[in-house]
Amino acid sequence: PTTIVDELGIALSNLADAATGAFTPTLRLGVTGLSRAGKTIFITALVHNLLTGGRMPGFAPLAEGRFIGARLAEYPDATIPRFAYEQHLAALTGKTPFWPESTRRISQLRLVLKFQSRHWYAGITGPSTLNLDIVDYPGEWLLDLPLLGLSFAEWSAEALDRANRPDSGKEAGPFITLLGEIDPLKNANDVDAERLAAAFTDYLRRSREHGALSTLPPGRFLLPGDLEGSPALTFAPLPRPQQHVRGNSLYAMLEGRYEAYKDQVVRPFFRDHFARLDRQVVLVDTLRALNAGPTAVADLETALSAVLACFRQGETNPLLRPFVRKIDRILFAATKADHVHHTSHDRLEIILNRLVSNASKRARFAGVETKSIALAGIRATREGTISEGGETLPTIIGTPMAGEMLDGTAYDGKTEIALFPGDLPERPDSLFEDGRPVELNFLRFTPPQTLDRNTNGDVVLPHIRFDRALDYLAGDWLA
Ligand code: GDP
């Protein structure tokens, strides 16, 4: 709880700031999640809703009439790509709305928010401002943090151990075969380095496509960002030779590149971006995993546990301490909640909560507040009911994307349908009774094709529980 002294301190510093106009607090919000979890949509919705004062009764500053407005501002660091908000919004609100391109690399955006503070001194200081810096980055990149504590030999031993496991056989086969053909002690050369890196990357990609081992580092091998093809990504694990390793050997070359990857790619990302975040939202495509069955859910849990480990590495490994900052709040969000009827939204939250609590059982977050929420950044469906055999079933109504299939019907991307998506179980432990997945009808829908406008003429993006998410992430900074 804040004390009088704290309050006075804040009041005085705010008065001083107001007098000089110099200091605006900055909230750095990280938005992450594995590929296609919904980061791009979440951020586009976030920015648009703040810029236009969207329909957000659950966002306290707006509901209490204290939110004055927001504008986009120049990001202080000109070397980081800017989140392509305008482009993404144009895709979603054009004549034929389509989903924009997903996150491939880190990007940032700054919003300046103006609001009336609740504090007693607000009457003296007038409206307050807050910089909201949004940092979008692939969750895959978080898988790399443990590498900072591992030498090339240690990492290689781990990676090869995994690749040699019987259940990695099909995916890892070509890489293991190639390893057998190349002597790590031969002279360093780019051809072999590239062949090994290509085979290793292929193995990681195929493992991910097949669902299994979706969490193998290095994360940039899965999502290289701007580094595709660069030497820092042209390495692979090698067995440690028994003999002396010459400085001009292939082994030494790949070891050097692994170290360069850590120094020039991983460390700067954690130091300059991750360690500076104040709050974090982790987006999770829970429904897609549920729809795909128990193996996909188990994989998702493993992936989440690797991602979540980053938020506490500093506590356990002193080597990693400088790269981890204590984030005080993490929101877990099950995205695309518009794929199920609202009667399932609470259940979806409970399921996600179970997934992340299992995943973070070892990772007790000392002092970190967490919450799980089911949301849709952009709602692509409406709700309705159908009668079937004397029973009334809750449905969702939307237009499946071209190429989506269900029960032998292929959709053309133009036809609206009413779909009974299935019910999520009340108790998460009954998710996979008898090993069978819950029956879910999960189809990708086109984004909403007609959108309302508010009294200012701005497009209104429909959402689900998005305002609550925003309130949890930023509401108290606007108090
Ligand atoms: P990321 O940037 O890779 O995390 O993912 P995106 O934000 O690009 O989302 C991937 C895909 O998921 C989109 O192209 C949409 O098809 C779908 N999607 C994301 N958010 C929503 C949502 O709120 N509702 C619906 N129906 N689909 C969504």
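Some terms to begin with: two strands count as paired if DSSP finds at least two bridges between them. Helices (H or I, at least four residues) and strands (E, at least two) are DSSP runs, numbered from the N terminus. What you see is a predicted model, where local features need pLDDT of at least 70, side-chain atom pairs count only at pLDDT 80 or more, and totals for chains, interfaces and linings use all residues. Residues are numbered from 1 along each chain as its sequence is written.

I start with β8 (residues 382-388) and β9 (residues 391-398), which run antiparallel and are joined by seven bridges. Arg382 is opposite Ile397 in β9. The two strands make a hairpin with two residues between them, and Gly389 in the turn has a positive phi of about 55°. β9 is also joined to β12 (residues 417-419), antiparallel, by three bridges. There, Ile397 has Ala418 of β12 as its bridge partner.

Next, the open sheet. Its seven strands come in the order β2-β3-β4-β1-β5-β6-β7, and the pairing is mixed. At the edges are β2 (67-73) and β7 (369-374), each pairing on one side only. Within this sheet, β1 (residues 26-33) and β5 (residues 279-284) are parallel, with five bridges. Thr32 faces Val282 in β5.
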